[in-house]
Amino acid sequence: MTDTFKKYLMADSSARIQAVRLTSAWQTGLAHQPYPECIRSLLGELAAAAILLATNIKFQGSLVLQLQGDGPVSLIVVECTSELTFRATVNLRNPELVPADGDLQTLLNANGGGRFTVLLDPGRDKEMAPYQGIVPMEGDSVAKVLEAYMRNSEQLDTRLWLAADGQTAAGLLLQRLPDTGGVTTADAPAPEGAIHGSTAEAHAESWNRITQLASTLAASEIIETDIDTLIRRLFWQEALLALETHAVQWYCPCSRSRVSNMLRMLGREEIESLLQEREKVSVSCNFCGKPYEFDAIDCAGLFVENLDDSGSRTLH
Ligand SMILES: [Zn+2]
């Protein structure tokens, strides 16, 4: 499996560790989205983050990370469903204004007007209400901004390492688990001579140790290393329980059939006038950029009764 999410638990229950690495799914997603390199990196980091956060929540539906920017990027959106499919897109205000070394702040918050929202859409799950949270744009990376958000909203220490390029998007999440029972004031370092051995202290030590280990990670290492190797390299001395492994897939619900319906709604006259100006009608999905083309015969077929749903030509 090249596109994988894995979840581990520290054997002492002090923290959970989650990792995601996308290669072919990521390349599929970018196939019709030719963005500058710094934007592919940013979008990939956001995609990895969305998957790590979505798998952290028990829900049915989708988690959406959306940033409305006031810089060269006007909108960047990633949607991850509870079935672990995802899609991601960017709207550029002006592609020529994208600096080669653009980052979260310069691309989306150039004048302090960027807006980062987390949305939980419960879909068909009637038990859950939709949720929307505003993520303050404090920090120079997607990871830093989300870490601060998680600390404030979830009251849980969460650390994220994210990296992406045009081939791979990957990330690692460490989350401290609440101490159940016993002392919960483990944030303060134990004073010299204090009695060691309490669960809270042991958990605090574990947490400090694993975050130290992960903080040695370079972006290139996150991108190049498969999850098993990365986890072994970082945490080989730790007792870890492997909990879950899931495949992750790129999925955009656009289809030729949906585009056909849209063209039918435009009406025959409109389509015919479009065809007078060009050989075929080309429509791209505004989410994934996938192109759909309809030549004169395809277009005529749109308005023939009893054609199959796909809108494609069928021979009788
Ligand atoms: Zn699409």
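User: Is arginine 159 buried, exposed or partly exposed?

Analyst: This is a predicted model, where local features need pLDDT of at least 70, side-chain atom pairs count only at pLDDT 80 or more, and totals for chains, interfaces and linings use all residues. Residues are numbered from 1 along each chain as its sequence is written, and side-chain values use heavy atoms, with hydrogens and water left out. Buried means under 20% relative accessible area, exposed over 50%, and partly exposed in between (1.4 Å probe, protein chains only). Arginine 159 has 23% relative accessibility, so arginine 159 counts as partly exposed.

User: With which residue does arginine 159 form a salt bridge?

Analyst: A salt bridge is a side-chain nitrogen of Lys or Arg within 4 Å of a carboxyl oxygen of Asp or Glu. The partner of arginine 159 is glutamate 147, with the closest N and O atoms 3.3 Å apart. Arginine 159 lies in strand β8 and glutamate 147 in helix α4, so the pair ties together parts 12 residues apart in sequence. Helices (H or I, at least four residues) and strands (E, at least two) are DSSP runs, numbered from the N terminus. Glutamate 147 is buried, at a relative accessible area of 4%.

User: How many salt bridges does a search of the whole structure find?

Analyst: The search finds 10. One of them joins glutamate 238 to arginine 209, at 2.8 Å between the closest N and O atoms. Glutamate 238 is in the loop between α7 and β10, and arginine 209 is in helix α5, so this pair ties together parts 29 residues apart in sequence.
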